[in-house]
Amino acid sequence: MKQLKLTSDNPVHTKRIGEMIGRSAEPGDVVLFTGDLGAGKTTMSQGIAAGLGIMNDVTSPTFTLMQIYQGTMPLYHLDVYRLNSEEEALDIGLEDVLYGDGLCLMEWAEQFPNLWPDDYLLVRIERSEETIRDMELTGVGAGEVLLDRVSKLLESAGIAYESA
Ligand code: ADP
Ligand code: MG
């Protein structure tokens, strides 16, 4: 397990960090987001999509549950907030996209900790002030490799982070 912490003071910066995650991703990678409403999970997802070369508007999948986009690889963008049980999550095909051929992003992952795969990048976002977001990125299994690549891109862009 590897971890780093960083702060964003505006949505554009959060998207830029997301873009580095997108550029670093490999097919089969999973990014799990935790954080309250308005934390910036969808905002970061937009940056991740941009990093995969996706030009579409990426909107919150709160009501659609899952949106699929095609970039350098498929992007599966899920928001599991409205799901009431693990069974419902499995019914929408969660396992296919968690263990699939693209990058899977799951907002509100804290709802279903039992369904987390063995390999993932966990992005915890906390709102500390109106525009300040504290972020903690944790790489587990293959997620460590992804986090290593992200940290190199952060370094070359001069974005400061703290290794935890
Ligand atoms: P979530 O998906 O976590 O509910 P959204 O990304 O939809 O959150 O919304 C985040 C809101 O917070 C947006 O309105 C965005 O403009 C605003 N915001 C303000 N500062 C930041 C920041 N530093 N990073 C991300 N979003 C921010
Ligand atoms: Mg959202």
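**Conventions.** I am working with a predicted model, in which local features need pLDDT of at least 70 and side-chain atom pairs count only at pLDDT 80 or more, while totals for chains, interfaces and linings use all residues. Residues are numbered from 1 along each chain as its sequence is written, chains are lettered from A and ligands numbered from 1 in the order in which they are written, and side-chain values use heavy atoms, with hydrogens and water left out.

**Ligand 1.** I noted two further polar pairs: a nitrogen atom of ligand 1 is 3.1 Å from a polar backbone atom of Asn10, and a backbone N or O atom of Thr131 lies 2.9 Å from a nitrogen atom of the ligand. Ligand 1 on its own exposes 570 Å², of which the protein buries 75% (Shrake-Rupley areas with a 1.4 Å probe). I then listed the shell, where a residue is near if one of its heavy atoms lies within 4 Å: there are 17 residues around ligand 1, and Thr14, Gly38, Lys41, Thr42 and Thr43 come nearest. By class I found three nonpolar, eight polar and six charged residues in this shell. H1 and H2 are the elements that give two or more residues to the shell, and H2 supplies the largest share, three residues (helices are DSSP runs of H or I with at least four residues, strands runs of E with at least two, numbered from the N terminus).

**Helix H2.** I next asked why H2 is largely enclosed by the rest of the structure. The buried residues of H2 are Lys41, Thr42, Met44, Ser45, Gly47, Ile48, Ala49 and Gly51, and their cover includes H1, S2, strand S4 (74-79), S5, S6 and S7. After H2 comes Gly53, whose phi is positive, near 80 degrees.

**Cores.** I recorded a largest nonpolar core of 31 residues, in which Ile21, Val31, Leu103, Val123 and Leu137 have the most contacts (a nonpolar core being a set of buried Ala, Val, Leu, Ile, Met, Phe, Trp, Tyr and Cys residues joined through side-chain atoms within 4.5 Å). Elements that each supply at least two residues of this core include helix H1 (11-24), helix H2 (41-51) and helix H5 (142-156), and H5 gives the most, with five. Apart from this core lies another, of 19 residues, among them Leu94, Leu98, Cys104 and Leu115.

**Single residues.** Counting heavy atoms within 4.5 Å as contact and leaving out residues up to four places away in sequence, I find that Ile21 touches Val31, Met44, Ile48, Leu121, Val123, Leu137, Leu146 and Val150. Ser151, in helix H5, is buried with a relative accessible area of 9%, and beyond its neighbours within four places in sequence Ser151 is in contact with Leu4 and Tyr161. Val80 lies in the loop between S4 and helix H3 (86-91) and counts as buried at 0% relative accessibility.

Definitions and conventions. Buried < 20%, exposed > 50% of the residue type's maximum accessible area, 1.4 Å probe, protein only. Polar contact = N/O pair within 3.5 Å; in protein donor to acceptor, adjacent residues only side chain to side chain. Nonpolar A, V, L, I, M, F, W, Y, C, P; charged D, E, K, R; others polar.
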